[in-house]
Amino acid sequence: MPRTGVFICHCGTNIAGTVDIARAIDASRNFPGVVHADEYRYLCSEMGQDLIKNAINENNLDRVVVGTCSPRMHEGTFRKAAAEAGLNPYMLEVANIREHCSWVHRDIEEGTPKAIALLRAAAAKVALNDPLDSPELEVEKRALVIGGGIAGIQAAIDIAEAGYVVDVVEREPSIGGRMAQLEKTFPTLDCSACILTPKMVEAAQHPNINLITYSEVEEVKGFVGQFDVKIKMKARSIDPVKCTGCGVCYEKCPAKAPSEFEMGMTKRKAIYVPFPQAVPNVPVIDRENCLYFKKGRCQICAKECPPQAVDYEQQDQIIERRYGAIIVATGFDQLDPSSYGEYGYGQHPDILTALEFERLFNASGPTGGKVVRLSDGKPPKKVVFIQCIGSRDKARGMNYCSKICCMFTAKQAILLKEKVPDAKSYVFYIDVRTAGKGYEEFQRRAAEEYDVAYLRGQVGKIFPEGDHLVVHGVDSLSGKVVDIKADMVVLAAASIARADAPEVGRIVGINSDSYHFFNEAHPKLKPVETHTAGVFIAGACQAPKDIPDTVAQAGAAAVKAIGLLSKDVLKGEACTAIVNQAECSGCLYCEAVCPYNAINHIEIEERYHEEMHKRTVAEVNPSLCQGCGSCSVACRSGSINLKGFTNEQILAEVDAICLQR
Amino acid sequence: MSTALNNNADGWDPLIVAFCCNWCSYAGGDLAGTSRMSYPANVKVIRVPCSGRLNPMFVLRAFQRGADGVLVAGCHPGDCHYSTGNYHSRRRLSSFKRLVEFAGFEPERFEVRWISSSEGDKFAEEMEAITGKIKALGPNRKMRDARWQNVT
C-alpha cells in the first residue's frame, strides 16, 4: 500500500481565498493511500519545503502530492525537495489548484470541490508512480561540421575557439562553398573573397580544426554525445603532405573538363583546384577525365610535380570517428531554370542565371572579370533581370520566397552600372522584398542612383531577334505589354535544397520540409536545434538565407554544440517510452510515428514449444526518446507505455475525477 | 451522489474532463489563471505531454465513468512541441469522433481544440463554450457504466 502525503499550499490568499483548505485537507485524508495531510501558507518557501521533507521522514512517506500552483512553475522545486528527503524525485505529483482552480473560480463553493477532485486525481496517479532515472550519457568532446561553406567555417571556428576539436567534412576539394563563388556581397559591396578567404585560412590553420575535404559522411550511428560517424575520403591522387601547391601540375595537364565552380561556363584541367584561393591548396585528379586513368598514358603531372606528390595508387579511405555533436551546414543549390521553357534558359548563351552572371564580374571568372555577352564578347547595354524564377510559384509547388534574390539583383544591377556605365537595367518583379539592416536603402539606391527600372510584372516569353533577346512581359502597374530588346537576360533562379538533402537527412537522422530544407526543432524557439538531440543546423540548408543570417545561425549552432560538449555527462529525459517486448507484435507502427528516430527494431530469441524462435520487436533508445508518447498510442498491441504518464496513471486520474459522479 | 442518472435534470451539473498537452494548452490554461479569467468549475484538466499521447481509450473511460463531455486540447497544427504529435492526434481523434457517432453516441460530447500557450482567453472561452453545450445536451446516459457507482 502506498504511503502518500498530501500538502496543500495557501499561497497567501491566492489559493485559500477560493478553496476551503480545511475541507480539502479533510477530504485528502480519505483518499486511498493517503496517510498524512498538511497545509502551509507558502509551500514553495524554504520553511514549506522543510515541512514536506520532515513529514516524509517522520511519516515514512513514499509518495507526495502537492496542491499548489502549476507544475510548470514549481514541479522542479518540489521534486528537488522530495529528493533531498531521500525520495525518488518522480514519486511526486502536483495538483494545480491555483492557475487551474482558485484563480479561475469565483467562490469557495465552486473552488473547493474542484480542488478536491484535482487532489484526488493527483493522489490516484501518484499511487502508480514508479521511481524513474534519467539516463546518463558520456559526451565525446569533439564536434563534426558537415559542409565547409561560410556556415560550416564560422561554426567550426567558434567551436574551436571554445577549446574543442572540430572536424569539417567538405564534399568539394576546397572549403568556401557558395560564398566563394560571389564577387561582391550586399548591402555593403564588400568583396566576397576579401572577407571569406581570411576565414578559410583561419579555419585551415586553427590547431583545433581538421579540414577533411573531398570527403563525404557515409554513415551516422549512435546518439547525442556519442555519434559514431563514417567519413569517406575520396582518393585525391595527391599526397597532401608532399604537395606544396605550386600549381605546375594543372598548368601542364592536357585534359580538360567543364569547371563545376564556374557552373560549366569554362573548363578546368583534369588535375585541378576549383578556384585560385582554394583551401587546402592541394589539387585533386578527376579520374573520369584524367588521360592516365582513362587510357593508361600521360602521367605528365607526376613527371612535372617538383615534390613528387602525385599518387595514382591512392585509394578511397574510410575514417571512423566518434563525435559529441554534429552541425549540418550543407548549403543550397540554385534551381536549373531550363524547365521553365518561357525563359529560354539553355537555348541562348546570353540568358544566364544570377550565379552565372555573378561570375562574369570576377577577375578569375570565365571572362576574366569583363562583363560581356558570352555570344559575341560585347558589353551588354540593356540587361533584363527577372525575379522569382521558381520562387513564389504556387503552380509549380514552389510557394516559398528565396529571400536573397531581390537583394542580389539590386547588387548586380549596381555592379553592372559600375562596369558598363552606359548600361540600362530592367527588373521584372512580383514584390520587392528588402527586409534587413541597410537593405531597403541599398535597393532604393539601385533604383534611384543607378537608374535601374523596376517593372512590376511577369515575363511571358523571351526570344532571340537578330543580335538581341526580346523580353515580352507585362507591366502590371500600367497594365501595358512591354517588349524590351535586351542584350542579356539574368534569371533570379530560386534557391533550392541540395539535390541530395533527403539523403543527408536520412544519414544524419533529421527531417525536412516539403521542399527538402532541414527542419529546425521549433520555428521560433529552437531555430538551430533539430529533433535529433545533438544535431544542429545552420545556413541555407534550413531555408534560403543571406550571409549575415547564415553567420548568425552558424554562431548559434556552435554555441549549442559547445554547450553540449562542455558537459561531461548528459542527463536524458526520465519520462521515456518503454516496450513490453513479450507482448510486442513487431508491427513497428511506433517506429513510423516517432519524430526522434528513438525506436529501433531488434531480433529477440524466445523459447516456444521447446524450440528457439527469432522474432522482431521494437526497442526504445531512452537517450533519444523525448517522451511525447505518440508511439504508445500508435501501438496496436498496447505494449508501449510512457513512463511518468502511463496508461494506468492517466486512467486512474480519469477515474478519480469522475468519482464526483 | 448519483444525480446524473436521475431523469430529473434539476441539480445536475455537468462534469467535463479536459486532456491538455503540457506545452500549449495546459500552459494556455495556466495563462487563463494568471490573467484571472473565469470559466466554469465543471471542467477538470488532466495533463498529458502531448495531444499525441491521447489514447481514445482515455476518452471512452471518461464517458464510462460518467463524464458528460470530454475535451482534448493541443498545440495548433504545425506548432507541436514534438513536431508531429498533434497531426497524429488530429487524424486519430477525428476518425474516433466519427466512430463515436456511428456507435450512436452524441459526438458533440467530444471535442478537439487547438489552444496555444498564449491563448489564455481562448482557453477560458472554450471551457465556457463546451460547458454551455453540454448543459444543453443534458447528462451522459448512453455511455455511462451504471456499475461504476457501486464500486465507489
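Over which residues of chain B does pLDDT stay under 50? Hold that thought for a second. What we have here is a predicted model, where local features need pLDDT of at least 70, side-chain atom pairs count only at pLDDT 80 or more, and totals for chains, interfaces and linings use all residues. Residues are numbered from 1 along each chain as its sequence is written, and chains are lettered from A and ligands numbered from 1 in the order in which they are written.

Okay, back to the question. It's residues 1-8 of chain B, and pLDDT is the predictor's confidence in each residue, from 0 to 100. For that stretch the model has nine contacts beyond four places in sequence; a contact means two C-beta atoms, placed from the backbone, within 7 Å. Chain B as a whole has a mean pLDDT of 90, with 90% of its residues at 70 or more.

From the N terminus, the order goes β-α-β-α-β-α-β-α-α. Chain B has a radius of gyration of 15 Å, close to the 15 Å from the globule rule for 152 residues, so it's as compact as a globular protein of that length. That radius is taken over C-alpha atoms, and the rule is 2.2 Å times the number of residues to the power 0.38.

Now, the two chains together. The predictor gives the complex an ipTM of 0.94 and a pTM of 0.76. Chain A puts 38 residues into the contact and chain B puts in 37. On the chain A side, helix 18 of chain A gives the largest share, eight residues.

Last stop: helix 7 (residues 192-205) of chain A, with 14 residues. Its buried residues are A:Ser192, A:Ala193, A:Leu196, A:Met200 and A:Ala203. Buried means 20 or more other C-beta atoms within 10 Å of a residue's own; exposed means 12 or fewer, and partly exposed is in between, with C-beta atoms placed from the backbone. Looking down the axis of helix 7 of chain A, the buried ones fall within an arc of 95°, so they line one face. The arc uses the directions from the helix axis to the C-beta atoms. The face turned away carries the exposed A:Cys194, A:Pro198, A:Val201 and A:Gln205.

Notes
Helices (H or I, at least four residues) and strands (E, at least two) are DSSP runs, numbered from the N terminus. The expected span of a helix is 1.5 Å times one less than its number of residues.
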